Amino acid sequence: MLPECQLFGTLGCHLCEFAEAEIMPLVEHGLLVELVDIADSEALFEAYGLRIPVLRRVDTGAELDWPFDEAQVVSFLL
């Protein structure tokens with residue numbers, strides 16, 4: 001079973017849209033991804049403002065910074 005993830009980003013971020021497109025095939029195969037808008041939290045904005053998009057595993061807290069492709073995401077999840 002694939003681990004649950006969070007994708008940190010914000011509205012209007014074109015790189016975040018690219019990241020979503022890379023993970024969408026995995027979502028269609030059962031990956032659960034919560035989209036987290038860093039603009040909703042000062043702490044998240046401070047932590048991720050210059051790094052987004054960032055994919056984070058909920059179970060381990062491991063993070064995968066952009067740029068990444070589908071194959072890199074698969075490796076990250078295993």
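## Residue Q6 and its chain

Q6 is found in strand β1, which spans residues 5–9. Strands (E, at least two residues) and helices (H or I, at least four) are DSSP runs, numbered from the N terminus. The model is predicted, so local features need pLDDT of at least 70 and side-chain atom pairs count only at pLDDT 80 or more, while totals for chains, interfaces and linings use all residues. Residues are numbered from 1 along each chain as its sequence is written, and side-chain values use heavy atoms, with hydrogens and water left out.

Q6 counts as buried because its relative accessibility is 15%; buried means under 20% relative accessible area, with a 1.4 Å probe and protein chains only. Leaving aside neighbours within four places in sequence, Q6 is in contact (heavy atoms within 4.5 Å) with V33, E34, V36, V54, L55, R56 and V58.

The chain as a whole has 3 helices and 4 strands. From the N terminus on, these elements run β-α-β-α-β-β-α. Some values for the chain follow.

| Item | Value |
|---|---|
| Share of buried residues among the 78 residues | 32% |
| Box filled by the C-alpha atoms, along the principal axes | roughly 35 × 25 × 15 Å |

A compact globule of 78 residues would have a radius of gyration near 12 Å, and the chain agrees, with 12 Å. This radius is taken over C-alpha atoms, and the globule rule is 2.2 Å times the number of residues to the power 0.38.

Notes. Buried < 20%, exposed > 50% of the residue type's maximum accessible area, 1.4 Å probe, protein only.
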